[in-house]
Amino acid sequence: LAQSQLPCCCHAVPPAMAKCFVCSAAQVKYRFPCCRERYCSLPCYRAHAAGQCPARPEPDTQAAKRKRVDDEEQDEALISEIRLCALRGHVGVRTAMQSEAFQDVLIALDEAHDRRHALETLLEKDKYFAKFAENCMEAIDYFPRSRNE
């Protein structure tokens, strides 16, 4: 196939040839955010928004709440650039990272099927890894909240 015949979004129907997904008018200017189909006007947008778009997921309030909680927890798990620099500069962290054997442990942890279980096992059974984790938390001034807070 020639380059111009390859099916991809770059070679989709040009706007001049596309028709409105709702009313089939020839002049389209916009795309629906849910399905990326083209539309021509606000009335068509409203008609589409009022209907059931197959690309739009069903509203699930429990799932939405769960996602917000997960997002908040994930935001708390991220560290700032300043703390990341402190982590890079911590002597205990740098010393551990220079060890090839310790690098192999980290690679094995990253490749583990159940990372959480592998991490918990390392923290319980490997004193060197536990010390590394303590050094990391010390470097970023992380002090876990107690469960009672």
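**Entry 1: contacts and fold.** I looked up the contacts first. In this predicted model, residues 24 or more positions apart account for 27% of the protein's contacts with a separation of 6 or more; a contact means heavy atoms within 4.5 Å. I then read off 7 helices and 2 strands. From the N terminus their order is β-β-α-α-α-α-α-α-α. Helices are DSSP runs of H or I with at least four residues, strands runs of E with at least two, numbered from the N terminus.

**Entry 2: ground rules.** Residues are numbered from 1 along each chain as its sequence is written, and side-chain values use heavy atoms, with hydrogens and water left out. Local features need pLDDT of at least 70 and side-chain atom pairs pLDDT 80 or more, while totals for chains, interfaces and linings use all residues.

**Entry 3: surface.** I find 17% of the 149 residues buried (under 20% relative accessible area, 1.4 Å probe, protein chains only). The protein exposes about 12,300 Å², by the Shrake-Rupley method with a 1.4 Å probe. Carbon and sulfur atoms supply 55% of that area.

**Entry 4: second largest pocket.** Which residues lie nearest its centre? I noted L87, F129, F132, A133 and C136, out of 13 lining residues. Two or more lining residues come from each of α3 (81-89), α4 (91-98), α5 (100-111), α6 (115-125) and α7 (127-139). The largest share, 4 residues, is from α7. I sorted the lining into 11 nonpolar, no polar and 2 charged residues. Here Ala, Val, Leu, Ile, Met, Phe, Trp, Tyr, Cys and Pro count as nonpolar, Asp, Glu, Lys and Arg as charged, and the others as polar. A pocket is an open set of points on a 1 Å grid where a 1.4 Å probe fits, with protein on both sides within 12 Å along at least five of seven lines; lining residues have an atom within 4 Å of a point.

Terms used: Buried means under 20% relative accessible area, exposed over 50%, partly exposed in between (1.4 Å probe, protein chains only).
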